[in-house]
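Thanks for making the time this morning.

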Amino acid sequence: MAKLRYFDTREEPKLIEPRLQTKHSEFLRTGRISRRREDWLPEERRYLTHEEVAEKTARKLQAAGEKTHQNINGFHRTIQFPKMIFHRTLADSPHLGYCHVTAARTKFARYDEVAWAFYIANFYSDIGDNDNFFDNIAVQNSRMYFAVAIKPGESTPERMVVDRSVRGNGLLFRTNDPQIAIRNILLLGARNEQLRQIIRQL
């Protein structure tokens, strides 16, 4: 895949055309230099480094993670999640990235206790079945909310890895709708069935 190049899209300020045009040069008459647009070369695009793009992406992901954590903890005082926000950008596409928001343990379906992590990504994709975490990335959808089962990493540099023994690929849910995502997180965090029934009716 060709290496992506990014450029700054901010518009340059427009030059003001002189109001009075005479036979004598503006400089000799007033001491001012002409600022007519045709006398100036167009500005060249300023290309951004991958580090600059990754930094901008990281700021946006961090803000999205903070806001989402605030929303899920603001629902009910008995459902509170730890704030564990960190983000990563994709190596060859630093405008794409994901943000870890929180993690917890819960009873899930037929599993007695599942450790899970909740993420936001600024793209939509499948969760890969192998070491490649994301497959078939589609940037048309601007955001993806998902939770995966996790377990301690064995002989890997990562402390936690996806527990693929849960549901075959470790994916608990995936959606591009923030309301559905928050409802699913609240269901995972609810301590009893009575509270789950209330959340399901929302």
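Predicted model: local features only at pLDDT ≥ 70, side-chain atom pairs only at ≥ 80, totals over all residues.

Let me start with phenylalanine 146, which is buried, with a relative accessible area of 0%; buried here means under 20% relative accessible area, exposed means over 50%, and partly exposed lies in between, with a 1.4 Å probe and protein chains only. Residues are numbered from 1 along each chain as its sequence is written, and side-chain values use heavy atoms, with hydrogens and water left out.

What does phenylalanine 146 pair with? Its partner is tyrosine 119, and the pair is stacked, at 5.2 Å centre to centre and 15° between the planes. For such pairs, the rings of Phe, Tyr and Trp (its six-membered ring) must have centres within 6.5 Å, and planes under 30 degrees apart count as stacked, over 60 as edge-to-face and the rest as tilted. Tyrosine 119 sits in strand 5 and phenylalanine 146 in strand 8, 27 residues apart, so that the pair links distant parts of the chain; helices (H or I, at least four residues) and strands (E, at least two) are DSSP runs numbered from the N terminus. Tyrosine 119 also counts as buried, at 11% relative accessibility.

Phenylalanine 123 and phenylalanine 134 form another pair, and because their planes stand at 85°, with ring centres 5.0 Å apart, this one is edge-to-face. Phenylalanine 123 lies in the loop between strand 5 and strand 6, whereas phenylalanine 134 belongs to strand 7, 11 residues away. Phenylalanine 123 is buried at 0% relative accessible area, and phenylalanine 134 is buried at 9%. The structure holds seven aromatic pairs, and ring pairs link Tyr98, Tyr119, Phe123, Phe134 and Phe146 into a cluster.

Leaving out residues up to four places away in sequence, tyrosine 145 touches a list of residues including Phe118, Tyr119, Phe173 and Pro178, where contact means heavy atoms within 4.5 Å.

Let me now turn to the cores. In soluble globular proteins, nonpolar side chains tend to be buried together. A nonpolar core is a set of buried Ala, Val, Leu, Ile, Met, Phe, Trp, Tyr and Cys residues joined through side-chain atoms within 4.5 Å. The largest has 25 residues, of which Trp116, Phe118 and Ile185 touch the most other members. Helix 3 gives the most to this core, with six residues. Isoleucine 185 touches Ile72, Phe81, Trp116, Phe118 and Phe173, again not counting residues up to four places away. A second, separate core of 18 residues includes Leu90, Leu96, Tyr98 and Leu171.

Finally, the overall picture. The protein has four helices and 10 strands, running β-α-β-α-β-β-β-β-β-β-β-β-α-α from the N terminus on. Of the 202 residues, 37% are buried. Among contacts between residues at least 6 apart in sequence, 48% join residues at least 24 apart.
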